[in-house]
Structures are given as C-alpha cells and as structure tokens.
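The entries below follow the order in which I checked them.

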Amino acid sequence: MDYYSHLNKTELQEELSKLEIKYNEYKAKNLSLDMSRGKPGPEQLELSQGLLNALKADDSLTVKENIDVRNYGNLDGLIEAKELFGEMLEVQPNQLIIGGNSSLSMMYDTISRALLFGVVDSNTPWSKEEKIKFLCPSPGYDRHFAICEALNIEMITINMLDNGPDMDEVEKLVSQDETIKGIWCVPKYSNPEGVSYSDEVVDRLAKMDTKADDFKIFWDDAYTIHHLTEEPVVVKNILHACRTAGHPNRVFIFASTSKVTFPGSGVAVMAASEENIQFIKKQLGIQTIGPDKLNQLRHVRFFKNLDNMKLHMKKHAELIKPKFDIVLNVLESQLGSLSIASWKKPKGGYFISLDTIDDCATEVVKLAREAGVMLTNAGATFPYGKDPRDRNIRIAPTYPTIEELKTAIEVLCLCIKLVSIKQLLNQQ
C-alpha cells in the first residue's frame, strides 16, 4: 500500500470519508450488475443462431454409420462428431465419447462411476477405500471443488504458479499417499488465473510416480479454443505425453461447446485412452441408450470443420476482448499506483483473477454486493470456499454490456480502496 502507507491517520480518515460519500452515491443508484458467473453475452449467443437452422425438415438424417440420428443407438456419439472434436482436442476418434450438453456432467459421472466401480486399473471401487483425496490447484474452478465436496472426496490445496500447479508439491504428495486418486487441471487459460501449463508441467504430470496405481488426471480443457490474442497458446498434448511416459490410462480429458455455441444446448466430449473408453462404454450401456445425436449433427453441419470453428471463435474474441480491456484499463487507472491489488492479464478464457491485500476479499465482495454489483463469492476459487489469505476475487466480464462493465469495475475498485484503508487504520 505504497500511496496509502505514506498517509497519517488523519489523512487516511479524510480519504476514507471522501470514498464513503462516493460509495453511497453508487448505492443510491440501485445498480443491478452481475459479474458472478462466466456467461456469454447476448451478442455472443447470436453468433450461433444459424445452429437452429443447421438441420431442416427435408435434410437427410442418416449419417456415416448408416443410422437415423432420430432413433436409439450410438452410445458414444456420431463418427462425424468424433472427427470434428477429435481434431479440436488433437486425439483420435476412437479415443472419444461424445456426450450430452455438459462436460461438468461428464466429469461428475466419471467420478461417480469410479466411486461405484473403480476405474480401469483399480483393484476396488474408490468408495470401498477408507478415504479418497484429490489435489486441487488453486485458485481454481469452484464447480470442480463442489463435485468433490458433494461426493465426500477430501481436497488438498495446491498453489498455482505462472506455468501450472506447483509440481514439486504435487510429486511429493502423490508419491507418498495412496489415497490421493486424482488432480483437477484446467490446462489452458485456467479458471480464474488465465494460466496455461508449460510443457515441463505436462511432462511431469504424465511421468510422475504415484502411490495409487489408479491415480487419474481430470483435464478440463474448457478453453482450448477460447483465445483473446492473435497468438494462441499451445499446451502439450497430455494424452500423448501419458502414453509416452508409460501411463496411457492416466488422463481423462473434457471439453464442450458450452461457450462456443449455446451454453444450455452445446455438445460435451470426453477423451481418454482406448482402454479407458472401452471400460467406460460398458458402464454407459447401463446408464443410457445414447446421447442427443440430433444436437451432435447440428453442430457438425453448422461448423463443418475445425477451421470454421476457429473463425467462429475469432468472432467471439472480437466481442469479448474489448470487455477484458475495459476491466484491465479501469483496474490500472484506479488501482495501478496504489499497491493494494494485483491482477492477471489473460491471453484467453473467460475470467480475470484479482488479488487484494490479505484479509480483504470477503469484505470487498460484500460491499460491492451492497452497492448492486454481484461478484463470485470470495473464497469460491479455493476448496471448501476458504481462501487461506482471503484475497482472491474472480471477475467474469463477458455478460455485462460495456457501460455496465465499466460501472461495475469502478464500484469494485472503490470497494477495494475502502477496505484497504480501513485495514490500514486498524493496523495503526
């Protein structure tokens, strides 16, 4: 707090009074601005409107497998969908299962099945073991942590570094504890930090010795084509790395078109080794007759190929990059010289991660909410909703309009200033 730390108590109180007047002026406006979740804005949804007409009444609904997509069958998805999404994830079609509309559901189901039946290299179902633990690089995705908490899986926080999780800590823990069965990873433009994993991190995850023979990497590649710059980040292929390292069954990869087309009506995919896929298909045969093949075919005929999908995502970037720029510019102009907050400048993804000084984030989010600006709960980016330093705030800039966003970030900056000064006064 370089600037504020040079002020005496009287000067700090005067500054606080000025800020409180401004804060009350915002409160009087009865704002209702939501930056709590990473939702596409209406103009982004319009980009995929053609998806609704991708299948017409007189179109052929018979596909490569010579089946009618309106009927039962194709438990693991259409070949044409596998070819498209296999190219997106750089895997072979036989290493894919095409699911419903939600990759989160596929993750939940994958862990649930592991608890009930184990995984391909388990000796016993995970639920039969005394305790199950997952490593959770943090700040991370709150819904990953919610799955673990709901299924009574103990979570261990791992620090996120600039190139991925702290691998020294990861390797140490998995080599010693057989109850650690998995790790959550968002490898590209991670939620919320925007971190992308280095080749070294990918290789170390693939090669590391684990006490549990059935340890699994849950690789949520949610933002694999969500670039904000003209120089997309490339993350090393984890499936290839695991096979090369002699652990071909170690990783489950997940992705979807939830923020590519329509969040409620996208297509989710899961990639893994052929052995994993065959093992899971046997279990899926009891769970379902098959996914929504009409929706899969809509996506295939709408995009046709990966090049068109990439062009589509450039249109998304053109819409949301100005919003990211607004956030970053306001943060810099309002807080850049005060040393009371720091933030990441992501090259892709859906979020901006901001850190206040310690023990301030919860109060900042509370004040912002009272002024009509909804943010993700402080602590949500950590297991059990507990940020040990109470400093991380996740900003989701995509849904509000430019004007709404500018106002919302100005309110956020004002709240950070208020809470920081109060903390400094309490320390004097």
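Which element gives the largest share of the lining of the second largest cavity? I looked this up and found H10, with 4 residues. I note that the model is a predicted one.

Entry on the second largest cavity. I read its volume as about 60 Å³. I listed the lining as Thr110, Arg113, Ala114, Gly118, Val119, Val120, Phe252, Asn276, Phe279, Ile280 and Gln283. Two elements give two or more residues to this lining, helix H5 (103-117) and helix H10 (274-287). I then sorted the lining by class and got 6 nonpolar, 4 polar and 1 charged residues.

Entry on the count. I asked how many cavities of 30 Å³ or more the structure holds. I found 3 of them.

Entry on the largest cavity. I have its volume down as about 100 Å³. I counted 13 lining residues, and those nearest the centre of the cavity are Pro137, Gly140, Tyr141, Trp184 and Val186. The elements that give two or more residues to the lining here are helix H6 (142-150) and strand S6 (180-185).

Entry on residue classes. How do the residues of the lining of the largest cavity divide? I got 9 nonpolar, 4 polar and no charged. For the second largest cavity, I had noted 1 charged residue in the lining.

Technical notes. Residues numbered from 1 in each chain as written. Predicted model: local features only at pLDDT ≥ 70, side-chain atom pairs only at ≥ 80, totals over all residues. Heavy atoms only, no water. 1 Å grid on protein atoms, 1.4 Å probe; cavity = no way out; pocket = protein on both sides within 12 Å on 5 of 7 lines; lining within 4 Å. Points joined across faces, edges and corners; volume = space filled by probe spheres on them. Nonpolar A, V, L, I, M, F, W, Y, C, P; charged D, E, K, R; others polar.
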